[in-house]
Amino acid sequence: MSDTDSSLDIPTQEPCAFCDYLSGARPFTILCRSDLVAVLVTREQRGIGHLLVLPVRHYPTLLESESAERHAMIDTLAWAASAIDAAFERPGIAVWQNNGTAAHQAIPHLHFHVAGTLPGGGTNFDDVPELTVEQTDRIAAKIMATAPENDSCNPS
């Protein structure tokens with residue numbers, strides 16, 4: 001069931017939702033994108049300004065990443081955290097990433113979550129309402145209005 005040479009149990013999903021978003025086959029708010037990495041505004045806001053940082057190339061886990069992709073992702077993660085901080089002035093920023101179904105990975109395309117903390121702290125791992133693309137477009141506009149310059153990912 002795994003696309004890797006590891007022992008990880010990888011979730012299955014055909015077609016890949018993230019690949020569909022990146023190709024434009026399904027509507028989604030793409031905050032910025034380069035040849036290596038993209039930042040999406042998730043429709044499941046588990047924190048304030050919840051973003052997804054993912055490689056453009058499809059692969060399921062961190063174990064298949066290449067050096068250039070890892071460097072682009074960490075630079076973009078740092079930018080995303082700064083952009084959330086500038087836009088929402090949260091007292092904390094959460095960054096998380098899951099590899100394999102045992103770690104609660106749901107989509108078999110590597111991705112990192114970056115979100116400002118909720119009032120009272122933390123993020124929400126329970127069911128959350130799914131926002132419309134129009135709502136996530138507004139979150140993107142708020143973030144981009146105050147975001148620092150970004151050399152790793154160009155605004156869409």
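# Exercises on a predicted model

The side chain of His109 comes within 2.8 Å of the backbone oxygen of Pro55. The structure is a predicted model, and the exercises start from this residue.

## Exercise 1: His109

Determine where His109 lies in the chain, whether it is buried or exposed, and which residues it touches.

**Solution.** 

Step 1. Locate the residue. His109 belongs to the loop that runs between strand 4 (93-96) and strand 5 (112-116).

Step 2. Check its accessibility. Buried means under 20% relative accessible area. His109 has a relative accessible area of 0%, so it is buried.

Step 3. List the surroundings, not counting residues up to four places away in sequence. His109 touches Cys16, Phe18 and Cys19, then Leu54, Pro55, Val56, Arg57, His58, Tyr59 and Pro60.

## Exercise 2: Helix 2

**Solution.** 

Step 1. Pick out the buried residues.

Step 2. Take Ala72 as an example. Ala72 lies in helix 2, residues 67-88. Its relative accessibility is 12%, and therefore Ala72 counts as buried. Leaving aside neighbours within four places in sequence, Ala72 is in contact with Leu36, Val37 and Ser152. Trp96 is 24 residues away from Ala72 along the chain, and their C-alpha atoms are separated by 17 Å.

## Exercise 3: Backbone angles

Describe the backbone at Glu89, His104 and Pro15.

**Solution.** 

Step 1. Start with Glu89, which follows helix 2. Glu89 is found in the loop between helix 2 and strand 4. Its phi is positive, about 45°, although Glu89 is not a glycine. With 66% relative accessibility, Glu89 counts as exposed, because the cut-off for exposed is over 50%.

Step 2. Go on to His104, in the loop between strand 4 and strand 5. His104 is not a glycine either, and its phi is positive at about 75°. Its relative accessibility of 69% means that His104 counts as exposed.

Step 3. Finish with Pro15, in the segment before helix 1. The peptide bond joining Glu14 and Pro15 is cis, with omega about -10°.

## Exercise 4: The largest pocket

State how much space lies in the largest pocket and describe its lining.

**Solution.** 

Step 1. Give the volume. The largest pocket holds about 550 Å³ of space.

Step 2. Count the lining. There are 23 lining residues, and Glu44, Arg46, Ala106, Ile107 and His113 lie nearest the centre of the pocket.

Step 3. Sort the lining by type. It divides into 10 nonpolar, 8 polar and 5 charged residues.

Step 4. Assign the lining to elements. Helix 1 (17-23) and strand 3 (48-55) each supply at least two residues. Helix 1 gives the most, with 3 residues.

Notes:
Residues numbered from 1 in each chain as written. Predicted model: local features only at pLDDT ≥ 70, side-chain atom pairs only at ≥ 80, totals over all residues. Heavy atoms only, no water. Helix = DSSP H or I, 4+ residues; strand = E, 2+ residues; numbered from the N terminus. Buried < 20%, exposed > 50% of the residue type's maximum accessible area, 1.4 Å probe, protein only. Contact = heavy atoms within 4.5 Å. Polar contact = N/O pair within 3.5 Å; in protein donor to acceptor, adjacent residues only side chain to side chain. 1 Å grid on protein atoms, 1.4 Å probe; cavity = no way out; pocket = protein on both sides within 12 Å on 5 of 7 lines; lining within 4 Å. Points joined across faces, edges and corners; volume = space filled by probe spheres on them. Nonpolar A, V, L, I, M, F, W, Y, C, P; charged D, E, K, R; others polar.
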